[in-house]
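Open the model in your viewer and keep the selection panel at hand. The stops below say what to pick next and what is there.

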Amino acid sequence: MATTIQVTDLNQGYGKTTVLSDINLTVTAGEILALIGPSGAGKTTLVSTIMGMLRPKSGTVRVLDTAVPNRALLAKIGYMAQTDALYTTLTARENLHFFGTMMGVPRAQQDQQMAHAAAVVNLDHDLDKAVADYSGGMKRRLSLAIALLADPPLLILDEPTVGIDPELRQQIWQELHRLADAGKTILLTTHVMEDAEEADELMMIRGGVAIAQGTPAKLLAEYQVPTIEDVFLKAGRVQDAHTRND
Amino acid sequence: MRTRGMIKRVMTEMLRDKRTLALMFVAPLLILTLIYFLFQSSGSTTATLAVKNVDSTLQTALKNDNLKLKATTSDDSAKRIIRQHDYAGMLVQKGDKLTLTLANDDQTKATIIKSSLQAAQIKLKTKAAGAALQAQAKAIKQLSTALAAATKAAGITPATPQAGTAQAAGSTTYQTKTHYLYGDKDSTFFDTLLPILMSFIVFFFVFLISGIALLRERTTGTLYRLLATPVRRGEIITGYLTGYGLFAVIQTLLIVVFTMYAFKIQILGSIWLVILINLLLAMLALTMGLFISTFAGSEFQMVQFIPVVVIPQIFFSGIIPVVTMPGWLQAIAHIMPLYYGAGAMSQVVEKGAGLSAIWPDLLVMLAFAAVFLLLNVQTMKKYRQV
């Protein structure tokens with residue numbers, strides 16, 4: 001299978017502060033990778049680096065066989081930011097049109113792709129409302145629709161399930177699995193363990209370091225615990241023990 | 001295509017925001033109307049001057065439309081009388097010595113009194129000179145009649161005395177007819193102020209609105225989200241530039257049409273030049289606003305930049321003539337973008353200057369805008385490094 005994301009020996013930071021150290025990561029096409037970790041662990045920094053918003057301090061990042069950073073590459077990445085970055089005075093439709101244009105979706109295809117993306121997140125009946133009148137969950141769904149809009153081969157979703165009710169969460173996961181089956185690569189960050197269980201591959205980050213990596217089944221077996229949450233806690237304790245020994 | 005998308009978004013956002021629209025289009029007209037009437041009334045200031053023991057000839061000479069005389073016999077001090085009756089000043093005569101006390105709380109009134117006194121002095125002097133000449137002429141006439149009688153007796157034909165000339169010289173009154181190079185007799189300070197205000201209003205509103213718009217993009221995360229698409233930084237700036245530039249042009253047209261029809265003020269130069277200047281100013285204000293917004297953490301902080309960045313520009317925009325300033329202040333004037341914009345605008349509106357006269361100003365403004373444009377593209381690197 002083709003490699004979509006290849007991160008090798010990545011160190012990232014600004015000034016003298018190190019945010020990420022020695023990150024190695026490979027994601028193949030059709031795979032869903034979940035980055036798990038507490039707030040401030042460096043998940044968003046890793047995502048920003050993979051997207052090419054930040055230049056790697058050292059190490060290499062290749063996405064879709066292109067060295068990152070690369071501006072044109074961003075057209076192939078559907079991004080959902082952690083905070084809902086929406087124009088609240090505009091309607092949902094206007095937001096979708098605008099970001100569609102920015103992503104370079106041809107005008108002729110915009111309406112059709114917009115209808116599809118809106119249907120996935122159950123917003124097709126509220127498209128002409130101003131985003132200011134949207135609830136928190138609706139805004140989250142609109143952000144996801146914007147990420148799906150250009151039908152990109154790689155989706156990067158930063159905390160996609162925050163503020164979304166369980167029913168819709170399940171629907172979204174169904175759609176994500178369907179997209180993955182169609183060969184799309186999905187990278188998402190989360191601190192919700194239920195999300196982690198849905199992913200094909202996990203990467204646990206704590207304090208800028210990858211403390212555990214592998215499929216959920218492999219990790220459960222390796223750490224001999226019943227849940228993913230326990231894996232995370234145990235791996236964290238192991239990390240703390242190591243640091244103390246250092 | 002992306003630039004067009006940016007322009008469309010900037011304009012739709014602006015059109016949705018009714019209050020900002022009203023601020024941009026109605027507020028300037030309100031301010032201009034207010035200033036117009038404020039400067040209309042300033043021509044009819046009258047000062048009241050208390051007079052004590054002043055010769056009636058001097059009193060008549062002092063009288064004019066802007067000065068009212070109030071005779072007083074009170075023995076109170078001048079200070080007291082002025083305070084009590086709220087006079088602008090008091091004139092006391094003792095023998096041939098005049099003492100003038102001015103309240104000086106209103107410099108316009110003090111100036112009226114001073115100039116009235118000067119005018120009265122000149123009037124009285126010429127009158128005295130005239131009277132002296134008349135007396136002389138009379139004496140000459142008497143002398144010549146006596147001479148004639150004497151010469152007649154001696155049998156000599158006398159030369160005709162030209163008595164009339166002296167008298168004519170004494171009573172000559174000059175008639176002044178004033179021609180105005182720019183404006184007419186009804187011109188007030190408002191005519192000087194109008195072009196400066198026209199450029200300042202465009203500068204101020206575009207600076208504030210665009211600065212806050214980009215700031216909002218930064219704080220809500222839409223700028224980051226936007227840069228996560230393959231859009232070029234230049235395309236974002238161009239979108240902003242064109243979108244707000246269009247609003248600036250509409251604002252300029254509105255102000256021009258309003259001043260032409262409501263105040264009957266003729267714009268001597270080409271309306272196209274007026275639009276061109278304001279378009280350049282809008283560009284400058286926009287690039288400055290976008291750049292300054294980098295240093296603001298909130299809308300409130302953006303407003304705090306107004307006294308630092310915008311207000312000083314007013315002082316150097318021509319309201320106070322820059323040529324009368326000391327050298328170091330003139331140097332500061334030359335780094336103020338509005339100095340060039342308002343300067344060019346005054347040239348076009350008041351003096352009908354053409355492109356050949358104002359192109360250096362336009363060029364400087366373009367250079368300013370280019371510098372800020374580059375700075376903007378650079379600061380956006382903070383968000384996306386390619």
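**Stop 1: the domains of chain B**

Select chain B and colour it by domain: the assignment gives domain 1 (2–37 + 188–382) and domain 2 (46–171). These domain bounds come from an automatic or database domain assignment. The C-alpha centres of domain 1 of chain B and domain 2 of chain B lie 56 Å apart.

A word on conventions. Residues are numbered from 1 along each chain as its sequence is written, and chains are lettered from A and ligands numbered from 1 in the order in which they are written. This is a predicted model, in which local features need pLDDT of at least 70, side-chain atom pairs count only at pLDDT 80 or more, and totals for chains, interfaces and linings use all residues.

Stay with the whole of chain B. It has 16 helices and four strands. Helices (H or I, at least four residues) and strands (E, at least two) are DSSP runs, numbered from the N terminus. The radius of gyration of chain B is 33 Å, well over the 21 Å that the globule rule gives for 386 residues, so chain B is more spread out than a compact globule. That radius is taken over C-alpha atoms; the rule is 2.2 Å times the number of residues to the power 0.38. Along the principal axes, the C-alpha atoms of chain B fill a box of roughly 120 × 55 × 40 Å.

**Stop 2: α1 against α10, chain B**

Select residues 2–16 and 233–262 of chain B, which are helices α1 and α10. Their axes come within 8 Å and cross at roughly 45°. Axes here are lines fitted to C-alpha atoms, for helices over the stretch in contact, and angles run from 0 to 180 degrees between N-to-C directions. α1(B) and α10(B) are therefore oblique to each other. The classes are: under 35 degrees roughly parallel, over 145 roughly antiparallel, 65 to 115 roughly perpendicular, and the rest oblique.

α1(B) passes α10(B) in a right-handed crossing. A crossing is right-handed if the near helix is turned clockwise from the far one by less than a right angle, and left-handed if anticlockwise.

Now show side chains. On α1(B), pick among others Met6(B), Val10(B) and Met14(B); on α10(B), residues of the contact include Ile236(B), Tyr240(B) and Phe247(B). Contact means that C-beta atoms, placed from the backbone, lie within 7 Å. The residues of this α1(B)–α10(B) contact divide into ten nonpolar, five polar and two charged. Ala, Val, Leu, Ile, Met, Phe, Trp, Tyr, Cys and Pro count as nonpolar, Asp, Glu, Lys and Arg as charged, and the others, Gly among them, as polar.

**Stop 3: α10 against α11, chain B**

The contact includes Tyr244(B), Ala248(B) and Val249(B) of α10(B), and Ile275(B), Leu279(B) and Leu286(B) of α11(B). By class, the contact of α10(B) with α11(B) has 14 nonpolar, three polar and no charged residues.

**Stop 4: α13 against α15, chain B**

Select 306–319 and 337–351 of chain B, helices α13 and α15. Their axes come within 8 Å and cross at roughly 30°. α13(B) and α15(B) are therefore roughly parallel to each other. The crossing is right-handed. Phe316(B) of α13(B) and Leu338(B) of α15(B) are among the residues that make the contact. This α13(B)–α15(B) contact has five nonpolar, five polar and no charged residues.

**Stop 5: chain A and the interface**

Switch to chain A, with eight helices and ten strands. Its radius of gyration is 18 Å, close to the 18 Å that the globule rule gives for 246 residues, so chain A is as compact as a globular protein of that length.

Which helix of chain A gives the most to the side that touches chain B? First, the totals: 26 residues of chain A are in contact with 23 residues of chain B. Helix α2 (residues 92–103) of chain A gives the most, with six residues.

**Stop 6: a backbone detail**

Zoom to Val68(A) and Pro69(A): a cis peptide bond joins them, with omega about 5°. Pro69(A) is in the loop between β5 (66–67) and β6 (77–80) of chain A.

Key:
Two residues are in contact if their C-beta atoms, placed from the backbone, lie within 7 Å.
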